[in-house]
Amino acid sequence: MTGAGRPVLARTPHRLLPDKSRTLSQLFVPGQETLISGDSRAKAVIDRVLALTEDEVRRTLARTRADFAGRYRDLDRALERNFGLVAHRLGAEAGVSVARQRLIGAYFTQQYALEGAALFNPSIVPHPDQTGCGPGELRFVMSLRAVGEGHLSSIEFRTGTISAGSAISVEEPGPFPGTGHYRPGTCDRGVFQAKLAEFGHEDEDAQFLLSLLPERFGMAELDAAIGALSRQRATRGDSAALVDRVRWVAASSYEVVFNARHPLSERVLWPGGPAESHGMEDARFVRFTDGAEPAYCATYTAFDGGAVALHLLETADFRTFTVSPLAGPATRNKGMALFPRRIAGRYAALSRWDRESNAIAYSTDRRRWGPGVTIQAPARPWELVQLGNCGSPIETPAGWLAFTHGVGPMREYAIGAILLDLDEPEHLISALPEPLLVADKSERDGYVPNVVYSCGSLLHDGIVVLPYGCSDSSVRIATVELSQLLAELTR
């Protein structure tokens, strides 16, 4: 699309490709490989390692270190961690040497290539630390969806800068990606109740359990409530299914803490709860400015192999992340994007709750969402299959600018744009009649062909920086002249 004789959108030369050398050291249990159910062969493997001579242990461990130590910040620590996870299978042999412990750990460790299959669907926000930036310069954080073996998705990050002249640089990521330290989080009783209702647990037992919980609770309070329910099983019947679901929902709330000394680009958000056992997809980050301090939020799709659910990420520094489930009608499908501030005292979000239209939804607590109000339905040839958003709206004097995606013939994706009223975003002011961006020849081939897709953009000095995924295989960056785009939308 062009405006005033020049293109509204321009592609930059940047292209982020999957790097198969970026790996995590993960637990590997023989017989229970990635996404495969089976009986563990842990005891048999451990017995074979115990049967090795000390010299064989020494030589095998030395060879393993020589081959793999350079790929990790602390290989020995990783081996000891995984040994600790299987040490209970040693029985009376628990007193083995440190070298043999590490070697056992090595047999229960695998390299997982985060980006082995794909790297795509980015979002972008200002970096929380702008120290050292020159006049007009902005440091940014870009989130990325990485896909590896078993089609497991995780969330990665890159950093870079935008100059006063809108020149973009993307820094090389750190060499040692890691998943941080996971710990249980606290649960919100209202969200918990709403999630249980979604799963059909609204009976007397569920209400009794909820009545024992404070407004915010942790695992200790939940265990106590479950214990009280169990002691009344003579009159309450079989509550096993309820208890299983309660623990499943509770496990979806957790925290992840990363070492402050490790670069942000080495921090990987890896699935930590049962709802996302098969992946964390398409994080839409936004800097939320409606508060004393800017905070960052992201909605993402949790996938358990059969169903999707929307979850919320919150962080102030990209070092400590809080994860919690979302509830309500507007959260029952993929692709929710938060507005960067409240509107008339309520949180607002773009939603695709009906799987094919763009809608607006509201919440009083950012976790429980009402039904969506449709603002844009498929109407033009390039969007007749479905519509969706490409990340959080950008506030402009003319209205909320939101990039959208549409799906047309041959499942070809295209990116468009809409303008929403600032005070009543459920009012659509205008929509581009033609796509702003479609895949060019160099972007059409990939894991999922003919796709251009973004999870978030960033406005700086009159230019919108729009990173986007190409055919679910790589990432490119485009820039959009805000004034020209608004002129097209307000003509």
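Biologist: Which residues line the largest cavity?
Modeller: This is a predicted model. In it, the lining of the largest cavity consists of Asn121, Ser143, Leu144, Arg145, Ser154, Ile155, Asp282 and Ala283.
Biologist: What volume does the largest cavity have?
Modeller: About 30 Å³. The count of cavities of 30 Å³ or more comes to one.
Biologist: Which strands supply at least two residues of that lining?
Modeller: Strand S7 (138–147), strand S8 (153–162) and strand S14 (280–288) each do. S7 gives the most, with three residues.
Biologist: And how many nonpolar, polar and charged residues are in the lining?
Modeller: Three are nonpolar, three polar and two charged.
Biologist: Changing topic to S19. Why is strand S19 largely enclosed by the rest of the structure?
Modeller: Because five of the five residues in strand S19, residues 347–351, are buried, meaning under 20% relative accessible area.
Biologist: Which way do the residues of S19 point?
Modeller: Tyr347, Ala349 and Ser351 point one way, and Ala348 and Leu350 point the other way. In a regular strand, side chains alternate between the two faces of the sheet.
Biologist: What does S19 pair with?
Modeller: S19 pairs in the antiparallel sense with strand S18 (residues 337–338) over two bridges, and with strand S20 (residues 358–363), also antiparallel, over five bridges. Ala349 is the bridge partner of Leu338, while Ala348 has Tyr362 in S20 as its partner.
Biologist: How many residues sit between S19 and S20 in the hairpin?
Modeller: Six, and Arg355 in the turn has a positive phi of about 80°.

Conventions: Residues numbered from 1 in each chain as written. Predicted model: local features only at pLDDT ≥ 70, side-chain atom pairs only at ≥ 80, totals over all residues. Heavy atoms only, no water. 1 Å grid on protein atoms, 1.4 Å probe; cavity = no way out; pocket = protein on both sides within 12 Å on 5 of 7 lines; lining within 4 Å. Points joined across faces, edges and corners; volume = space filled by probe spheres on them. Helix = DSSP H or I, 4+ residues; strand = E, 2+ residues; numbered from the N terminus. Nonpolar A, V, L, I, M, F, W, Y, C, P; charged D, E, K, R; others polar. Buried < 20%, exposed > 50% of the residue type's maximum accessible area, 1.4 Å probe, protein only. Pairing = 2+ DSSP bridges.
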